[in-house]
Amino acid sequence: MIKKNDIINLEISDINHDASGVGKYEGMAIFVPQTAIGDIIDCKILKVNKTYAYGKIEKILTPSPSRIKIDCPVYQKCGGCSLRHISYEDELKIKKNWVFENLKRIGGVDISLENIELIPSPELVGYRNKAQYPVGFDGEKIIAGFYANHSHRIINSDTCEIQPDYFAQIVNLILRFMKEYNIKPYNEETKKGLIRHIYIREGKGTGEVMVCLVATKDKIPSCEKLLRKLLNLPYNIVSVVLNVNSKDTNVILGDKNIILYGKDGITDIMCGKKINVSSMAFYQVNKLSAENLYNKAIEYAEFTGNENIMELYCGTGTISLAMADKVNHITAVEIIPKAIENAKINAQLNGITNIDFICDDAKNTAAKLAEQNISFDTLVVDPPRKGCSGEVLDAIVKISPKKIIYISCNSSTLARDIKILAEHGYSLQKASAVDLFPRTSHVETVVLLSKGEIDSKKVRVEF
């Protein structure tokens with residue numbers, strides 16, 4: 001029986017959904033981060049449970065053919081990426097298999113691996129349009145970087161392969177300013193200090209940049225001098241925001257925003273539409289891959305131009321806006337008021353008048369429409385990682401759309417919901433995995449579910 005601190009010989013045969021390698025030793029599954037299928041390693045056991053254990057690489061004896069040279073100096077410490085040691089070609093195979101296994105094992109779907117399309121990211125370097133850097137003190141100097149995996153220990157780094165290079169210049173300027181004017185970073189243990197995070201957002205389609213400082217108070221000493229320094233940089237900074245978060249919390253952003261310069265956020269272009277993105281609004285971090293995702297959803301829907309559709313969890317309206325000129329009418333629902341405000345502004349920016357944006361819980365609106373016996377040709381749903389609630393699924397079944405386009409950032413909860421919907425006559429027709437987060441353990445999925453020929457009332461709903 002293995003025990004903690006044992007060193008064992010282990011061959012990695014699989015990669016789990018947390019991107020840890022999996023090997024078997026005396027019938028027990030051993031999980032080892034930063035390994036690849038085919039690695040043969042000396043593994044040091046860190047923790048032992050009844051049927052599985054966790055370990056780390058002590059020595060790589062025979063490297064996997066999938067292994068590549070690591071191109072990031074802090075990769076083995078930082079918690080951002082988890083697959084930088086594996087070729088991108090093999091990373092895509094792993095992610096496609098994750099989706100396949102979830103659909104088959106959890107969803108009970110009869111599908112072959114070959115029938116799942118995988119759409120790679122057009123960019124692997126600098127693809128993120130958003131970065132949030134925790135700020136701290138290492139005993140000698142003010143630092144900013146990224147949290148170590150499963151911790152709040154800051155790994156000092158001014159560069160990141162998946163973020164634009166110039167973000168580092170903005171961060172370093174702010175750190176120098178803090179040192180010059182003796183502005184303290186926030187300390188989670190003592191609850192003292194001013195600056196908690198530096199948050200940067202970029203419009204890939206417009207070049208607009210937002211810089212947001214997350215602080216414990218609503219004033220920054222010598223703020224005007226900082227603004228002059230930032231605006232002197234050769235970037236199109238159109239927004240500088242102070243976000244106030246004085247709570248003892250792991251949540252990055254507080255509820256209060258103070259615009260120090262310009263506007264509250266940026267404008268970007270998504271699927272040919274102008275998108276207003278406020279500092280607190282959700283927006284996909286990989287614009288080009290998000291466009292691939294939305295275009296695949298439109299392709300699956302096969303719109304004729306006469307459809308009345310419904311979107312649940314619409315956020316700032318990016319999916320509905322992409323679909324608006326291809327359908328008759330859209331009813332879009334989101335519970336976050338600021339997101340709905342953004343969505344309405346986005347519709348106005350693009351002269352779109354055939355979307356009704358409703359601020360409400362998805363289950364409430366869906367249930368209300370179901371009670372009114374109102375149906376839609378197609379329902380689009382893009383829920384959070386936990387998937388759809390039972391109430392939302394019940395309402396969807398009552399609304400009874402002909403087609404459901406389900407977009408998911410978690411294929412395991414997607415598969416669970418597919419199984420529930422299958423009990424009410426919906427079957428999986430098509431599935432694609434879309435890589436929005438290269439070099440990480442995340443992958444998006446879009447599927448088409450169909451119930452066949454159902455009479456759907458073509459009714460425009462007014463709110």
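In this predicted model, the elements that cover the buried residues of helix α9 include α1 (88-105), α8 (390-399), β20 (403-408), β21 (427-434) and β22 (444-450). The residues of α9 that are buried are Ser 411, Thr 413, Leu 414, Ala 415, Asp 417, Ile 418 and Leu 421. Helix α9 itself comprises 12 residues, 411-422, and spans 16 Å from its first C-alpha to its last, close to the 16 Å expected at 1.5 Å a residue.

One of the buried positions can be followed in detail. Asp 417 belongs to helix α9, and its relative accessible area is 0%. Because this value falls under 20%, Asp 417 is classed as buried. Apart from neighbours within four places in sequence, Asp 417 contacts Gly 387, Cys 388, Leu 393 and Tyr 406.

**Helix pairs**

| Pair | Packing angle | Axis separation |
|---|---|---|
| α1 and α9 | about 30° | 8 Å |
| α7 (362-371) and α8 | about 25° | 8 Å |
| α2 (167-180) and α3 (223-231) | about 155° | 11 Å |

On the α1 side, the contact is formed by Trp 98, Val 99, Asn 102 and Leu 103, and on the α9 side by Ser 411, Ser 412, Leu 414, Ala 415 and Ile 418. Sorted by class, this contact of α1 with α9 contains six nonpolar and three polar residues, and no charged ones.

The packing of α7 against α8 has an angle of about 25°, which makes α7 roughly parallel to α8. The crossing of α7 and α8 is left-handed. Helix α7 contributes Ala 362, Lys 363, Ala 366, Ala 367, Leu 369 and Ala 370, which meet Glu 391, Val 392, Ala 395, Lys 398 and Ile 399 of α8. The contact of α7 with α8 holds eight nonpolar residues, no polar ones and three charged ones.

What relative direction do α2 and α3 take? Their packing angle is about 155°; since angles over 145 degrees count as roughly antiparallel, α2 and α3 are therefore roughly antiparallel to each other. The crossing of α2 and α3 is right-handed. Ile 170, Leu 173, Ile 174, Phe 177 and Glu 180 of α2 meet Leu 226, Lys 229 and Leu 230 of α3. In this contact of α2 with α3 there are six nonpolar residues, two charged residues and no polar ones.

**Individual residues**

Phe 437 occupies the loop between β21 and β22. Is this residue buried or exposed? Its relative accessibility is 16%, so Phe 437 counts as buried. Beyond neighbours within four places in sequence, the contacts of Phe 437 are Glu 91, Lys 95, Tyr 127, Gln 284, Val 285, His 442, Val 443 and Glu 444. The C-alpha atoms of Phe 437 and His 17 are 14 Å apart, with 420 residues separating the two along the chain.

Asp 42 is located in strand β4 (residues 40-48) and, at 22% relative accessibility, counts as partly exposed. Setting aside residues up to four places away in sequence, Asp 42 touches Ile 7, Ile 8, Asn 9, Lys 56, Ile 57, Glu 58, Lys 59 and Leu 61. Between the C-alpha atoms of Asp 42 and Gly 55, which are 13 residues apart along the chain, the separation is 9.8 Å.

Glu 26, in the loop between β2 (20-25) and β3 (28-33), has a phi near 50°, a positive value in a residue other than glycine. Glu 26 is exposed, with a relative accessible area of 62%. Ser 222, in the loop between β11 (208-215) and α3, is likewise not a glycine and has a positive phi of about 55°. At 25% relative accessibility, Ser 222 counts as partly exposed.

Notes: Residues numbered from 1 in each chain as written. Predicted model: local features only at pLDDT ≥ 70, side-chain atom pairs only at ≥ 80, totals over all residues. Heavy atoms only, no water. Helix = DSSP H or I, 4+ residues; strand = E, 2+ residues; numbered from the N terminus. Expected span 1.5 Å × (residues − 1). Buried < 20%, exposed > 50% of the residue type's maximum accessible area, 1.4 Å probe, protein only. Contact = heavy atoms within 4.5 Å. Axes fitted to C-alpha atoms, helices over the stretch in contact; angles between N-to-C directions. Nonpolar A, V, L, I, M, F, W, Y, C, P; charged D, E, K, R; others polar. Parallel < 35°, antiparallel > 145°, perpendicular 65-115°, else oblique. Left-handed = near helix turned anticlockwise from the far one by under 90°.
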